Amino acid sequence: MGQEQSQFDSRPLSYIADYLQKAQSLAPKRKVVVLTGAGVSTSAGIPDFRSPETGLYANLARLKLPYPEAVFSLDFFRENPAPFYALAKELYPGKYFPTISHAFIALLHEKELLSMLFTQNIDCLDRKAGVPDEKIVEAHGSFATQRCIECKTEFPDDLMKKAVDTAEPPHCIVPQCNGLVKPDIVFFGEGLPPDFFTKRDLIAEADLLIVMGTSLAVAPFAHLPHLVQENVPRVLFNREQVGNFGAFENDCIVLDDCDAGVRQLADALGWTEELEALFLKVGGKVHAEEAKTLKEARLTMSKDEILEAEIEKISEEVEKALNISKDHQRKVNEQIEKDGKKYDTSESSEKEDVPMNTKKVIEDEPAGAPVINRESILDVTLPQNKPNNTSESKPSSHI
């Protein structure tokens with residue numbers, strides 16, 4: 001956006017509403033780009049990542065991880081995928097429903113005003129609200145698809161759901177690979193999806209930018225608000241001022257939770273009835289009441305009690321995920337036995353006194369100690385060092 005200027009007073013939402021209302025009569029219509037972060041989903045019951053006391057990283061800090069962010073580290077995932085799948089069970093689509101903020105973005109699409117949504121979220125609630133796939137750029141990936149981290153073979157949705165429900169890390173469906181499978185979420189050390197780079201030029205073409213519920217702390221997503229033209233209005237719905245908002249004349253800043261800010265804008269636009277109807281249609285209203293009830297119940301708990309309850313729940317899932325499936329182990333053993341018979345052409349392959357113990361592990365019982373046939377051990381003792389039963393004594397060896 002050009003050179004930053006001194007701070008300006010925030011434009012009122014009425015200015016943005018008037019701007020959008022005029023846009024509906026234009027041909028072509030205004031191009032609105034929306035950027036979202038975890039703040040648009042917190043009222044659905046999904047915790048954000050970075051809040052000091054209630055964020056996911058704060059909760060994960062007390063689990064047995066080298067550092068909280070390790071749960072999204074590819075190197076750590078290869079070594080121990082269980083913590084991620086315990087967390088995935090809590091975040092997987094189907095458990096949560098769209099918020100009024102998601103419904104507002106879908107309404108922009110219905111009114112043919114939405115050019116593109118860029119989101120940092122992995123919860124797929126935008127899709128559930130009715131925003132089509134082709135209008136969404138998931139900068140950090142999502143749970144929508146999944147694949148093997150080694151051979152990149154896609155993994156079936158039904159098998160993935162089963163794996164997440166049981167918190168048991170799945171493996172590649174290609175037998176020769178057997179690599180770990182993870183959702184197409186961008187982990188630390190991985191590149192962003194290609195469409196993030198190919199579609200971000202749409203921001204420079206936007207007539208209006210709306211930013212909701214993000215700290216703008218993670219690059220390169222944090223740089224996106226800078227890409228609009230300098231005279232283009234920018235709206236921020238967030239609990240705190242972030243980025244360089246306020247540096248330009250047409251910036252509008254609403255320091256409140258996203259849903260409250262969105263409702264104010266919808267009211268100014270005369271869209272309240274449509275917005276609430278769409279919110280009800282996508283199931284958000286009912287579940288918002290459930291989330292509100294849960295929130296009120298938590299008011300009677302101390303912060304430590306809430307944190308302990310969340311940690312205990314996630315810890316139980318991690319513990320469960322760490323238990324290797326006996327069914328999977330049995331299949332592995334059967335495959336080992338099958339492969340052994342396939343390649344063993346010797347008729348005497350099962351001798352009783354084999355120096356090496358080749359017993360496979362059965363269930364949780366470890367293999368026994370190696371069976372040694374002492375008669376088959378070669379005697380390499382020098383003649384002069386062997387015990388002599390005669391009365392004559394011979395000089396002892398110095399070797």
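Mentor: Two strands pair if DSSP finds at least two bridges between them. Keep that in mind as we read this predicted model, whose protein chain has 14 helices and 8 strands.

Trainee: Happy to! In what order do the strands of the open sheet stand?

Mentor: The general idea comes first: strands of a sheet pair through backbone hydrogen bonds, either parallel or antiparallel. Here 6 strands make an open sheet with parallel pairing, and the order is S3-S2-S1-S6-S7-S8. Strand S3 (136-138) and strand S8 (251-255) are the edges; each has a single partner strand, so one side of each lacks a neighbour in the sheet. On average, neighbouring strands are turned by 15° against each other, direction ignored.

Trainee: Over how many bridges do S2 and S3 pair?

Mentor: Strand S2 (residues 114-119) and S3 pair over 3 bridges, in the parallel sense. You can look for Thr 119, which stands opposite Glu 138 in S3.

Trainee: Which strands does helix H10 touch?

Mentor: Helix H10 (residues 258-269) packs on the sheet and touches strand S6 (208-212), strand S7 (234-238) and S8. The direction of H10 makes about 135° with that of S7.

Trainee: And how should I read the pair H10 and H11?

Mentor: Start with the axes: those of H10 and helix H11 (residues 272-281) come within 8 Å and cross at roughly 135°. That angle makes H10 oblique to H11. On the H10 side, Val 262, Arg 263, Ala 266 and Asp 267 make the contact, and on the H11 side Thr 272, Leu 275, Glu 276 and Phe 279 do.

Trainee: Now for a helix with two faces. Which residues of H7 are buried?

Mentor: In helix H7 (residues 157-166), the buried residues include Met 160, Ala 163 and Val 164. These three lie on the same side of H7 because they cover an arc of only 95° around the axis. The face turned away from that buried side carries Asp 158 and Lys 162, both exposed.

Trainee: What covers the buried residues of H7?

Mentor: The cover includes helix H4 (82-91), strand S4 (141-148) and strand S5 (181-185). Just after H7, look at Ala 167, which takes a positive phi of about 55°.

Trainee: To finish, what share of the residues in the whole chain is buried?

Mentor: Of its 399 residues, 41% count as buried. The chain exposes about 22900 Å², with carbon and sulfur atoms supplying 52% of that area.

Note on methods
Residues numbered from 1 in each chain as written. Predicted model: local features only at pLDDT ≥ 70, side-chain atom pairs only at ≥ 80, totals over all residues. Heavy atoms only, no water. Buried < 20%, exposed > 50% of the residue type's maximum accessible area, 1.4 Å probe, protein only. Helix = DSSP H or I, 4+ residues; strand = E, 2+ residues; numbered from the N terminus. Arc of directions from axis to C-beta. Contact = heavy atoms within 4.5 Å. Areas by Shrake-Rupley, 256 points an atom, 1.4 Å probe, with all protein chains shown as cover. Axes fitted to C-alpha atoms, helices over the stretch in contact; angles between N-to-C directions. Parallel < 35°, antiparallel > 145°, perpendicular 65-115°, else oblique.
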